[in-house]
Amino acid sequence: MLNGTTCDFAGTAELEFSDDYEEGDDEFDDTWTPDDTGNGEDDDTVSKHDAVMTGFIGLLVGCLIGFIIAMKSSRSFNVAVRRSVMPSSMKNSEVFTSNNSLVGSEKMPMIV
């Protein structure tokens with residue numbers, strides 16, 4: 001046992017010197033190297049491609065949700081979209097004028 005040493009265990013532990021200690025066997029020596037993934041990047045990093053694709057997908061989902069909310073809640077937006085891009089056979093479809101539709105509601109007017 002080494003005399004004059006202190007311990008954080010309030011004296012319940014003792015610091016002992018090991019006889020199998022080798023010179024240069026320092027536990028604080030920084031010899032750790034990261035695993036090689038083969039692509040030159042750490043596993044914890046996000047590639048630019050993944051970040052851009054995630055952002056793009058989030059943008060598309062946000063636009064779709066915003067479009068659906070606008071089509072269901074705004075009468076003027078619903079009519080404007082149906083007049084601008086819909087073929088004439090679909091303008092008064094149940095998709096836009098029925099209660100259970102995804103992009104319309106029963107309060108939407110019929111287009112002539």
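Buried residues, meaning those under 20% relative accessible area with a 1.4 Å probe and protein chains only, make up 13% of the 112 residues in the chain. The model is a predicted one, in which local features need pLDDT of at least 70 and side-chain atom pairs count only at pLDDT 80 or more, while totals for chains, interfaces and linings use all residues. Residues are numbered from 1 along each chain as its sequence is written, and side-chain values use heavy atoms, with hydrogens and water left out.

The chain holds 3 helices and 0 strands, taken as DSSP runs (H or I, at least four residues, for helices; E, at least two, for strands) numbered from the N terminus, and along the sequence the pattern reads α-α-α. Its accessible surface, computed by the Shrake-Rupley method with a 1.4 Å probe and, for residues, with only the protein chains shown as cover, comes to about 9,600 Å², of which 56% belongs to carbon and sulfur atoms.

Two residues can be set side by side.

| Residue | Place | Relative accessibility |

Ile65 belongs, with Met53, Phe56, Ile57, Leu59, Leu60, Val61 and Ile69, to a nonpolar surface patch of about 750 Å². Such patches join nonpolar side chains (Val, Leu, Ile, Met, Phe, Trp, Tyr) within 5 Å, from residues with over 30% relative accessible area and no salt bridge.

Ser101, not counting residues up to four places away in sequence, touches Lys72, Glu94, Val95 and Phe96, a contact being heavy atoms within 4.5 Å.

Key. Patch = residues over 30% accessible without salt bridge, like charges linked within 9 Å, V, L, I, M, F, W, Y side chains within 5 Å. Salt bridge = Lys/Arg side-chain N within 4 Å of Asp/Glu carboxyl O. Buried < 20%, exposed > 50% of the residue type's maximum accessible area, 1.4 Å probe, protein only.
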